[in-house]
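Keep the model open beside you and try each task before reading its solution.

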Amino acid sequence: MTHVTPPPCEDVPGPATAPATGSGTGRRRPAPGEISTGRPPELLRLAGGISLRRRSAAYARALNAAVRTDLEHLRPWLEWAAAAPTLAQTTELTAAGAAAWDAGTDFIYLVGLDAEPGSVIGSFGLHGRIGPGALEIGYWVGSKHGGRGIATTAAGALSAAALALPGVRRVEIHCDQANTASAAVPRKLGFRLARIADAAVRAPGETGRQLVWVKER
């Protein structure tokens with residue numbers, strides 16, 4: 001697969017804990033499960049006429065259509081792509097993601113074309129599933145938009161946004177050893193390959209050998 005660049009488990013929003021209180025200035029301790037007292041920008045305008053926007057209910061229908069259109073390309077690498085999601089499922093996932101954003105545990109974005117307002121051509125996320133002081137970047141880009149550097153541009157912007165957050169010292173990208181398209185993204189962005197770890201095989205294309213790429217402050 002050459003046009004879709006997804007590490008595993010993107011768009012899994014994480015636990016929807018209660019929203020944290022405070023101003024997000026970094027002057028308080030993070031709440032339980034909260035990665036940072038700050039929050040990344042909800043809108044990132046990027047080079048090439050694309051933008052990352054915080055995932056919201058307004059984009060649920062477009063997101064659902066984008067996933068269903070590209071299931072065959074996503075299925076080898078993403079466990080959740082085994083079956084086509086219903087609109088209700090996508091809407092529910094969006095609501096959970098909104099709660100996770102407010103709680104400071106996950107920050108999920110959709111990438112779209114500036115020339116086509118409301119379009120969804122992929123999804124990106126900063127996930128708090130790898131422990132304190134760190135966020136994992138997950139992503140996928142639709143097959144029709146491969147080869148344009150969208151994944152690299154967006155992942156680079158999210159890496160910078162993550163490392164600017166109070167308390168975040170490290171960003172990681174995980175991908176299966178066989179997913180060479182995904183591995184090209186952190187390599188281009190100057191991440192270092194920290195280790196190759198054994199991992200459960202959850203999608204048809206996976207080998208169970210996971211590359212762990214790291215960038216630190």
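**Exercise 1. Work out the strand order of the open sheet and find its edge strands.**

Step 1. The open sheet holds 8 strands in the order β1-β2-β3-β4-β5-β6-β8-β7, with mixed pairing. Strands here are DSSP runs of E with at least two residues, helices are runs of H or I with at least four, and both are numbered from the N terminus. Two strands pair if DSSP finds at least two bridges between them.

Step 2. β1 (43-46) and β7 (192-198) each pair on one side only, which makes these two the edge strands.

Step 3. On average, neighbouring strands of the sheet are turned by 25° against each other, direction ignored.

Before you continue, note that this is a predicted model: local features need pLDDT of at least 70, side-chain atom pairs count only at pLDDT 80 or more, and totals for chains, interfaces and linings use all residues. Residues are numbered from 1 along each chain as its sequence is written, and side-chain values use heavy atoms, with hydrogens and water left out.

**Exercise 2. Follow the pairing of β7 and of β3.**

Step 1. β7 runs antiparallel to β8 (residues 209-216), joined by 6 bridges. Look for A197, which stands opposite Q210 in β8.

Step 2. Now go to β3. With β2 this strand pairs in the antiparallel sense over 5 bridges, and L52 has V111 in β3 as its bridge partner.

Step 3. β3 and β4 also run antiparallel, with 6 bridges between them. Here F107 stands opposite L126 in β4.

**Exercise 3. Decide how β3 is covered and which way its residues point.**

**Exercise 4. Which residues of helix α1 are buried, and what do they pack against?**

Step 1. In α1 (residues 60-69), the buried residues are A60, L63, N64, A66 and V67. They lie on the same side of α1 because they cover an arc of only 165° around the axis, taken from the directions from the helix axis to the C-beta atoms.

Step 2. R61 and T69, on the other side of α1, are exposed.

Step 3. The buried residues of α1 pack against α2 (71-74), α3, β3 and β5, where contact means heavy atoms within 4.5 Å.

Notes
Axes are lines fitted to C-alpha atoms, for helices over the stretch in contact, and angles run from 0 to 180 degrees between N-to-C directions. Buried means under 20% relative accessible area, exposed over 50%, partly exposed in between (1.4 Å probe, protein chains only).
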